Amino acid sequence: MIIAVDGPAASGKGTIARALARQYNLPHLDTGLLYRAVAATVLREGLDPSKEADAVAACGFDDSLLADPFLRTDEVGQTASIVSAHPLVRAALLARQKRFAQQPGGALLDGRDIGTVIAPEAEVKLFVKATPMIRAQRRHLELRKNGINVSLDKVLADIRARDERDSQRSEAPLVQAADAVTLDTSFLSIDAAVQRAVEIVEKKRASG
Ligand SMILES: Nc1ncnc2c1ncn2[C@@H]1O[C@H](COP(=O)(O)OP(=O)(O)OP(=O)(O)O)[C@@H](O)[C@H]1O
Ligand SMILES: Nc1ccn([C@@H]2O[C@H](COP(=O)(O)O)[C@@H](O)[C@H]2O)c(=O)n1
């Protein structure tokens, strides 16, 4: 079984993806990390994220970088949404993601274009969303817990900017697949959101 989990920044898709991967014993790929690794390499090497050639040059990163906490920073998240708009960057990361999705035994991937581009054949597709303000509040809390002091207004502005870039780009924009089930987590606790996700998977499996 392939499960595709897509949605905007801080919607809760990573939280749901990790829980579903555990529940169904599926290997999980957080595809945002790949774009974050490109972004982190661009930043560290003093390259220009808006230049496609610079971003492509950063696609040959070493996999050990994927565990680097620097990737989790907001600066890297914003830069990831700039480099991910370049068609040649997406092309450079495509085969790896498709291979992961098609491995024997199934897989779970989360990102922005899993149900539309990486694994359009996925048996289960979830589109996880929440209002911009709720997403900003969650991200703000998370940043504060990690000792990063930034205003809620700034986090909200960053989320809106990322939504705009991710959904307006020409290549593989953030868009809900026609056959994806919407999961609005705005007024759900983490446990309730995970429970709802499991129900959606079970219903899909039962219907063949
Ligand atoms: N239903 C929920 N209620 C409250 N907090 C939540 C809920 N779901 C997730 N969170 C919290 O919100 C924050 C963002 O969640 P998560 O990392 O899963 O989002 P994401 O969509 O994967 O974000 P990104 O794309 O930016 O990586 C985390 O701190 C997480 O613990
Ligand atoms: N399939 C994907 C996944 C991510 N992106 C871009 O990377 C940025 C960071 O992603 P996170 O999920 O870690 O927040 C995101 O804003 C996207 O621009 C993507 O394009 N496709």
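A residue is called buried here if 20 or more other C-beta atoms lie within 10 Å of its own, and exposed if 12 or fewer do. The legends below use these words for a predicted model.

**View 1. Helix α4 and the elements packed around it.**
Seven of the 10 residues of α4 are buried, so this helix is largely enclosed by the rest of the structure. The buried residues are Val 76, Gly 77, Thr 79, Ala 80, Ser 81, Ile 82 and Val 83, and they pack against α2, α3 (52–57), α5 and α8.

**View 2. The five-stranded sheet.**
Five strands form an open sheet in the order β2-β3-β1-β4-β5, and their pairing is parallel. At the edges lie β2 (28–30) and β5 (181–184), each of which pairs on one side only, and from one strand to the next the twist averages 20°. Strand β2 is joined to β3 (residues 107–111) in the parallel sense over three bridges, and within the sheet Asp 30 stands opposite Asp 110 of β3.

**View 3. Two helices lying against the sheet.**
Helix α1 (residues 13–23) lies across β1 (2–6), β2, β3 and β4 (124–129), and runs at about 175° to β3. Helix α5 (residues 87–101) also packs on the sheet, where it touches β1, β2 and β3, and its direction makes about 140° with that of β3.

Is strand β4 enclosed by the rest of the structure or exposed? Six of the six residues of β4 are buried, so the strand is largely enclosed by the rest of the structure. In a regular strand, side chains alternate between the two faces of the sheet. Both faces of β4 are covered, with Val 124, Leu 126 and Val 128 buried on one side, and Lys 125, Phe 127 and Lys 129 buried on the other. Strand β4 pairs with β1 in the parallel sense over four bridges, and Lys 125 in β4 is the bridge partner of Ala 4. With β5, too, β4 pairs in the parallel sense over four bridges, and here Val 128 stands opposite Leu 183 of β5.

**View 4. The surroundings of ligand 1.**
Around ligand 1 there are 17 residues, and the closest are Gly 12, Gly 14, Thr 15, Arg 138 and Glu 142. The elements that give two or more residues to this shell are α1, α7 (132–145) and α9 (190–206).

**View 5. The surroundings of ligand 2.**
Which residues are the closest of the 14 that surround ligand 2? They are Gly 32, Tyr 35, Ser 81, Ser 84 and Gly 111; one of them, Ser 81, is also among the buried residues of α4. Helices α2 (32–44), α4 (74–83) and α8 (152–168) each supply at least two residues of the shell around ligand 2, and the shell divides into three nonpolar, six polar and five charged residues.

**View 6. Two loop residues with positive phi.**
Most residues other than glycine have a negative phi. Asn 25, found in the loop between α1 and β2, has a positive phi near 55° although it is a residue other than glycine. Asn 25 counts as exposed, because it has 9 C-beta neighbours inside 10 Å. Ala 172, in the loop between α8 and β5, likewise has a positive phi, of about 45°, and is not a glycine. With 19 C-beta neighbours inside 10 Å, Ala 172 counts as partly exposed.

**View 7. Cys 59 and its contacts.**
Cys 59 lies in the loop between α3 and α4, and counts as buried because it has 20 C-beta neighbours inside 10 Å. If residues up to four places away in sequence are left out, Cys 59 touches Val 38, Val 89, Ala 92 and Leu 93. The C-alpha atom of Cys 59 is separated by 18 Å from that of Asp 113, a residue 54 places away along the chain.

An unreviewed UniProt entry carries the annotation "domain: Cytidylate kinase" for residues 3–202.

Methods:
Residues are numbered from 1 along each chain as its sequence is written. Chains are lettered from A and ligands numbered from 1 in the order in which they are written. This is a predicted model: local features need pLDDT of at least 70, side-chain atom pairs count only at pLDDT 80 or more; totals for chains, interfaces and linings use all residues. Two strands pair if DSSP finds at least two bridges between them. Axes are lines fitted to C-alpha atoms, for helices over the stretch in contact, and angles run from 0 to 180 degrees between N-to-C directions. Two residues are in contact if their C-beta atoms, placed from the backbone, lie within 7 Å. UniProt positions are given in the numbering used here, feature names are shortened, and annotations may be inferred rather than shown by experiment. A residue is near a molecule or strand if its C-beta atom, placed from the backbone, lies within 6 Å of it. Ala, Val, Leu, Ile, Met, Phe, Trp, Tyr, Cys and Pro count as nonpolar, Asp, Glu, Lys and Arg as charged, and the others, Gly among them, as polar.
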